[in-house]
Amino acid sequence: MSDVQTSLTFRANAARAIKDAPLRSAMRQAADTFGTKRADAFAPVADLEALRDKASAIRLQVLDRLQEYVDTFAFQATKAGATVHRARDAGSAREIIAKILKDRNARTVVKGKSMVSEEIHLNAHLEKQGMEALETDLGEYIIQLVGETPSHIIVPAIHKNRQQVGRLFAEKLGVEYTEDPQALTKIARKALREKFLAADAGLSGANFAAAASGSLVLFTNEGNGRMVTTIPPLHIAILSLEKMIPSLADLPTFIRLLPRSATGQSITSYVSVITGTRKPGEATGAKELHIVLLDNGRSEILSGECREILKCIRCGACMNVCPVYRTVGGHSYGWTYPGPMGIVLTTLLTGMAQSHPLVDATTLCGACVEVCPVRIPLVDLFLKLRERRVREGFSKPMEKQGMRVFGKAAASPSLFSAGQFLSRTFWPLVRAFGGKDVAGRLPRPAKVPFHRRVP
Amino acid sequence: MRVQLFATCLVDSFFPEVGESMLKLFRRFGVTAAFPKKQTCCGQPAFNAGYADDARVAAAHFLSVFDGDDPIVTPSGSCAAMVKHHYPDLFRGDPKMRAKAESMAGRIFELSQFLVRVLHAQGSGMAGKGTITYHSSCHLTRDLGVRDEPLILLQSMKEVRFVPMPDASRCCGFGGMFMAKLPEISCALAEEKADSIVATGADTVTGCDAGCLMNIADAMKKRGNPVQVKHIAQVLAEGL
């Protein structure tokens, strides 16, 4: 992509996406499909609301004692044969991973899907060190070939249609053009197969980390996650701190909620539980396992008023139902995480100075709150962030003045009435000043307002 | 029965006919409606934009104007939700005001909610005309939990053919200040909503929030579509 899209240019990014017809139709189709599939998958789940309560409670319990769970996890994972690293920020996580690879002369890395690795821009860093980091999730593979970033946390290439993928494969892989999804999948599978077998290391994320046993849990569909974590001799897993759950006993709750919320499946094709390294007598598993636990701002979020965003289990349901997201796509948000959860996480992780326009990227419709499997009060968090924007001085001075006048007028009926009279009288001016985008979409105020018509 | 009528700033300024329709409805159902003359706005524009202090000024005024124990009825799900859910939160640091806000939360009603739950207007044999579809506005549905009431009313009307709208509860793109801050997205959402309305073949689209209806009316006007956009108060009052 030629222009750099950041969260600061959200409005321009969105305006451009809105004019991108293939993106709009691909987004609409995918979001609708996932929305419908989700609803169908939950239809037979009679205890859904209780299940959401339970999941929310487990996640809150983790947040209340996060450090404790992280320490237990690290202890147990080490006991099971893994080496656990703590990374305070993106830079140190990149360094840790690069050093592990360098020390072992590893040059080729096959990657399973990991949004945390996107968050720390790992691929670019490894490439700079002369290593090859290859995405093996089909969607990730597609966007890596294009040179883009994911536009959905579950469906990275959601904004592409199959014709675009067909042309991409023809151009980059030298195959004959086809737009048949099955044929395209086969092409990718063939290209990736050799890479799996030859790779020096596998890198993955994790959906959950069970503290009591030090286990990593991965939900995947394509089998690539299992290949990445078991075929190469070295497996590196990177995950952010809040992925903890107390123990594997809590997993069934999330097995019932996560795939249904994400893709509308009652369970993903694979649910992998990895506890430590390959044991004597076991046929598969990495000989060496390194787990990188990333903070990168989580501890600060944990102590603040928006901590509930850390309950997020990255299902993407909030995106699929968000009217804004489905219209503008993930890249418009300008950073790793898009959609409703992305507004909150991006603002908190990158700071208000880098992202304040994002807090406007919601109509406050609340569709996200309705589907969130762990009951994150997203609308409340948007409102808190908007308050914080004002507090931290990132709101427009004119808006600030305007709101003060509004508050005064709302408390003074005569002033309010005068405002109504003035706006009606000077409506042509208001329209000219407010522009056709805004005032041009409002009718002219009534000649006699209701309060003067009441007997 | 006595109620206090809160017209909302949008109805007061732009759509006085909605207020008049409400008065007509109240008369029909034997309700005495008082209109506290000092009412202005519930403060939602400031609150939603993150200006809690300015919103508190508006909220304090509202609490003093709508004093007493009578139910407050308003033609907006959004403003009702503001009063019901956000006023108590705005005054969390002020026990006296908070208590006042909490007591008010129990007596504020959106119009369709009041008509169905309190007045049982659905059994009164109201009539209307034409083919009507309904947009389910976000705060009404999700904050206030009023999903069925407007449908119950519309489906109870004699001579009215009700057609459900596809994705009726998807946001129309109004969002208060959202329409001004991100007009490109707002218009794209309104266009999608207009598509859904046209797909129903209805001659009238109605809803319970003037803000959304204003946004929808603009989208319909832009495509030169003759579908009438009316607040539910108007639809109901016209048949009386």
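In this predicted model, the largest nonpolar core holds 209 residues. Leu294(A), Ile309(A), Cys318(A), Val344(A), Leu378(A), Ala58(B) and Ile216(B) touch the most other members. Helix α12 of chain B, residues 210-222, gives the largest share of this core, with eight residues.

**Around Ala58(B)**

**Chain A against chain B**
- The contact draws 43 residues from chain A and 45 residues from chain B.
- On chain A, the elements giving two or more residues are α1, α15 (323-328), α18 (367-371), α19 (378-391), α20 (397-410) and α21 (413-425).
- α20(A) provides the largest share of that side, six residues.
- By class, the chain A side has 26 nonpolar, seven polar and 10 charged residues.

**Domains of chain A**
- Chain A is assigned domain 1 (7-298), domain 2 (307-391) and domain 3 (397-452).
- The C-alpha centres of domain 1 and domain 2 of chain A lie 20 Å apart.
- In chain A, 40 residues of domain 1 are in contact with 37 residues of domain 2.
- On the domain 1 side, α1 (10-18), α2 (21-42), α3 (48-64), α6 (115-119) and α12 (251-262) of chain A each supply at least two residues.
- α2(A) brings the largest share of that side, seven residues.
- This side of domain 1 of chain A has 20 nonpolar, 11 polar and nine charged residues.

Technical notes. Residues numbered from 1 in each chain as written. Chains lettered and ligands numbered in written order. Predicted model: local features only at pLDDT ≥ 70, side-chain atom pairs only at ≥ 80, totals over all residues. Domains from an automatic or database assignment. Contact = placed C-beta atoms within 7 Å. Helix = DSSP H or I, 4+ residues; strand = E, 2+ residues; numbered from the N terminus. Nonpolar A, V, L, I, M, F, W, Y, C, P; charged D, E, K, R; others polar. Core = buried A, V, L, I, M, F, W, Y, C linked by C-beta atoms within 7 Å. Buried ≥ 20, exposed ≤ 12 C-beta atoms within 10 Å, placed from the backbone.
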